[in-house]
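Dear colleague,

Please find the structure below. A short account of the findings follows it.

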Amino acid sequence: MDKLKIAVLFGGCSEHAVSVKSAIEVANSINTQKYEPIYIGIAKSGAWKMCEKPCANWESGDCREAIISPDRNTHGLIAIQDSECKTVHIDMVFPVLHGKTGEDGSVQGLLELSGIPYVGCDIQSSVICMDKSLAYIVAKSAGIATPEFSILTDTDKVIPNSLEYPVFVKPARSGSSFGVTKVCNANELNAAAETARQYDSKVLIEQAIVGTEVGCAVLGNGSDLFVGEVDQVSLTHGIFRIHQEAAPEKGSENATITVPANLPVQTRGQIQKTAKAIYTALGCKGLARVDMFLQENPGNPGDRRIVLNEVNTLPGFTSYSRYPRMMSATGITLPKLIDRLIESALMR
Ligand SMILES: Nc1ncnc2c1ncn2[C@@H]1O[C@H](COP(=O)(O)OP(=O)(O)O)[C@@H](O)[C@H]1O
Ligand SMILES: [Mg+2]
């Protein structure tokens, strides 16, 4: 059988460096006996270039312009070389992109137009998960606990806050903890809102949840879902912000990630069940990492609420990333995981 031609999209206009690291891991693990990967880097400027392999300085290597055609008859790429256009058929797209325009439904919209199957969430679930307030509203209506929150728009001059302090102020549609501030009193609210507005005109104020941060990797479609081991983020101080650190490969300044989480098996099972319910409620497809809090309950430590934090529809695949580590803890190594993601995209 012919090898499946998989276009791996990486880089992008936001979270570029993390995406390149993710794509390097995918390139190292994709089974080239079964698949023929074609690497398309998107520069920070938005330029699309076919290149040999993802690496930190991929743009200085041998690159040529190549874009995915929205025309279904092309079912692939339009590559430009020596001022000539050539079409290249592809069987599938694996978007290894994070954040704005990669994970928010933009690329998914292009891929829907193109008619080419692709790995991961569709337009609707990408859009909903990217906006934390929309994700909370949808999850809440499905009976999932979420932090109490309110929304600030860019026209709100006086910042109302009916929530008890501390609160978290954050951009509604961003990632990697950029623009997120813990606010302990009303005097700090304005500055925190300004910080968040640097990343998004829509800002959330939400109740701080006291507890443990936990995550669960989910894979699959419909009712055929597979979950990884639950992980746990232990913080010594501050907030989880590993992607802003200088050398996250060597560990974090304030966070330790433990897989499987150091929690009773029954609690981990409940977290996995909740993650599946969140994934289903938000209409996710292919994969997502569901981040939650296991809220402290001093009155009854055996009965702790599981509260949604956020859903990442294209989670990192770097060497230190949580999604592949949670999967690998169940025996699904990265080559197997890539196989399963491609299979689940073909089955949609
Ligand atoms: N409501 C909250 N209660 C407690 N900690 C929070 C809350 N919201 C955010 N945080 C902290 O800030 C980090 C980043 O916030 P998050 O909502 O996950 O944004 P991002 O999409 O940038 O990762 C979280 O991992 C957590 O450490
Ligand atoms: Mg987060």
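In which loop does proline 260 lie? Proline 260 is in the loop between strand E15 (255-258) and helix H6 (265-281), where helices (H or I, at least four residues) and strands (E, at least two) are DSSP runs, numbered from the N terminus. A cis peptide bond, with omega about -10°, joins valine 259 to proline 260.

This is a predicted model, in which local features need pLDDT of at least 70, side-chain atom pairs count only at pLDDT 80 or more, and totals for chains, interfaces and linings use all residues. Residues are numbered from 1 along each chain as its sequence is written, while chains are lettered from A and ligands numbered from 1 in the order in which they are written.

A cis bond is also found from tyrosine 165 to proline 166, with omega near -5°. Proline 166 belongs to the loop between strand E8 (149-152) and strand E9 (167-171).

Two residues have positive phi without being glycine. For histidine 75, phi is near 45°; this residue sits in the loop between strand E4 (63-68) and strand E5 (76-81). Aspartate 82 has phi of about 50° and lies in the loop between E5 and strand E6 (84-89). Aspartate 82 counts as exposed because it has 6 C-beta neighbours inside 10 Å, whereas histidine 75, with 16 other C-beta atoms within 10 Å, is partly exposed. The cut-offs, for C-beta atoms placed from the backbone, are 20 or more others within 10 Å for buried, 12 or fewer for exposed, and partly exposed in between.
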